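Here are my notes on the model, as promised. Have a look at the sequence and the structure first, then read on.

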Amino acid sequence: MDLPALAKRIHHWAVLVEDGILALLLTCMILLAFVQIALRNLAQTSLDWGDPLLRVMVLWVALAGAIAATREGNHIHMDILSRFLPERFHRPMRRLTDLFSAFICALIAWFAARMVIVEQGDGNIAFSGIPTWILELILPVGFCVMALRFLANALFLPQKELAK
Amino acid sequence: MITALGLLILALMGTPLFIVIATGALLGFYFSDIDLQAIPIEYYRITEMPVLVAIPLFAFTGYLLSESGAPHRLVRLTNAFLGWIPGGLAIVSLIACSIFTAFTGASGVTIVALGALLYPALMEAGYREKFSLGLVTTSGCLGLLFAPALPLILFAVIAQQMGVGRPVSVDDMFLAGILPGLLMIFLLSLWSIKNRPPQSTRPFSAREAWCALKEAVWEVPLPVVVLGGIYGGFFAVSEAAAITAFYVLVVELLVYRDISWRQLPRIMQQSMVLVGGILVILGASLASTNYLIDAQVPTRLFETIHALISDKLTFLLLLNLFLLILGTMLDIFSSIVLIVPLLLPMAVGYEIDPVHFGIIFLANLQLGYLTPPVGIDLFIASYRFKRPIVELFRATLPWFLLLAVSVILITYIPALSLWIPGRL
């Protein structure tokens, strides 16, 4: 199935944005982690927001990675049944599991959004004046993007996947 | 029961495992009248575990190394120093692969990065084809027990979450894996010596050794810095990961120039696909484990099993069998986050040391890399060397059996795992 031109363009830009954010996050992580150690060992000091920020970045980079994994159909899975079933069942089965995954991700995104709203109301501060809810934002956003990705996979199975 | 069956079918159909686990947790919380916000809250707990910082950093380092000329330099170096031993090239392969797998976290990268170099070299040196195929396929999981392999880190993280038995630190796991890992290499080396071609030895050349050393001079300090730093107590695991990632980035990008700036985003993306895949499963299983503990499942499971099996040895034997079967179906990362929370309290109930249990668990699951239907190493090797799975399975069989022997030794001789951590 050929993707409509608009969907193709959206896909193209989404990939750039997703991977751009991912590379940026990881680069910042490597630099920040290194600066922390250098400061700690050479100057006996460290950025007091450095360590908590690094820990939050792990979550952000993980979700960015999970989005890329969703896009490429590369999540850790068992894939046993398809080895025993004939070829013609593969595609409908993939559709079904993708739709189901989209549903679950959307559900998690929904509850994550509620969590963020509650957190915003509480007004907790994580560190250095940054409110906790901003750091939590990646959860609703990340799961929402994954839900859309799963849905897109279910509608137009990536050509690469079919070739496998 | 029906829920469990439904989840199993979903998993077998190929639904991503984090979805399956999250579904279980969602249902569990729903039926216990717990607000489903609990799921994202558990996910956010990932930010409360400082050790996890090491996972993306080491994973990136591993992918970066595998894309660079490091595998080539590593093989040349080990060959220059150990190639003169009978069966030398095979032993070189085992050692080089172990070092490499420890850094890349046993994701099969070793077969692609090193196997492709070693397989032709082994054939040229006169080793039989079946032997060489078996070796490169097995090499993908060897080294899993050496620091800083990701499964060791992940096990410690989960064990800390459980808080049963004595506390398990990542450092403990890194130390505990040394002797069991060496045992595996030792047994496989004996097999290699037995299967060496008639004229496999080549004389030691000081000149070649010097050249190889000079070529790899920037990478040689790496294991020393990482292992020495961690084992010597100079820095924490996450700090070692940060130093390694930064150092490798500078060396490969600016000194060796094996990797161009333009390749970097792709390497970052690939390594983070692995990390994201592992961590979304971790987040989901934090939630499901929480539910299971609330429902007292581990305790009840232990009581049921304990009523049937009273002695430790029978339990260990069944543990080995169970993990062997588990390993044929589930990859090592999912197994750790899913099964350790159920089995660790049980093992502690049978008075097995948590660190020893961790090494048994990982060593046992290592076998799963080589067993059909989903032995990942078989598939990667099949793809890389264009051979049918069955042929590769036959070729790896002797290697598999030798690894199984080491798993049994590791299981029944706790000192192998506990002697070194106890000394330091």
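1. Helix α2 of chain B is mostly covered, with 12 of its 15 residues buried. Buried here means under 20% relative accessible area, exposed means over 50%, and partly exposed is anything in between (1.4 Å probe, protein chains only). The buried ones are L17(B), F18(B), I19(B), V20(B), I21(B), A22(B), T23(B), G24(B), A25(B), L26(B), G28(B) and F29(B). Helices, by the way, are DSSP runs (H or I, at least four residues), numbered from the N terminus.

2. A word on the ground rules: this is a predicted model, where local features need pLDDT of at least 70 and side-chain atom pairs count only at pLDDT 80 or more, while totals for chains, interfaces and linings use all residues. Residues are numbered from 1 along each chain as its sequence is written, chains are lettered from A and ligands numbered from 1 in the order in which they are written, and side-chain values use heavy atoms, leaving out hydrogens and water.

3. What covers the buried residues of α2(B)? The cover includes α4 (87-122) and α6 (138-155) from chain A, plus α1 (2-12), α3 (38-44), α15 and α18 (332-349) from chain B itself. As for its length, α2(B) runs over residues 17-31 and reaches 21 Å from its first C-alpha to its last, close to the 21 Å expected; the expected span is 1.5 Å times one less than the number of residues. After α2(B) comes D33(B), with a positive phi near 60°.

4. Now to a place where the two chains meet. Helix α2 of chain A (residues 50-71) packs on helix α15 of chain B (residues 264-294) at about 105°, and their axes are 7 Å apart. Axes are lines fitted to C-alpha atoms, for helices over the stretch in contact, and angles run from 0 to 180 degrees between N-to-C directions. So α2(A) is roughly perpendicular to α15(B), a label that goes to angles of 65 to 115 degrees.

5. Who makes that contact (heavy atoms within 4.5 Å)? From α2(A) come V58(A), V61(A), A62(A), L63(A), G65(A), A66(A), A68(A), A69(A) and R71(A), and from α15(B) come Q269(B), M272(B), V273(B), G276(B), L279(B) and V280(B). The residues divide into 11 nonpolar, 3 polar and 1 charged. In that count Ala, Val, Leu, Ile, Met, Phe, Trp, Tyr, Cys and Pro are nonpolar, Asp, Glu, Lys and Arg are charged, and the others, Gly among them, are polar.

6. D19(A) is worth a click. It sits in helix α1 of chain A (residues 5-42) and is partly exposed, at 21% relative accessibility. Leaving aside neighbours within four places in sequence, D19(A) contacts A68(A), R71(A) and Q269(B).

7. P52(A), in helix α2 of chain A, is buried at 18% relative accessible area. Its C-alpha is 7.4 Å from that of F127(A), 75 residues apart along the chain.

Technical notes
Helix = DSSP H or I, 4+ residues; strand = E, 2+ residues; numbered from the N terminus. Parallel < 35°, antiparallel > 145°, perpendicular 65-115°, else oblique. Contact = heavy atoms within 4.5 Å.
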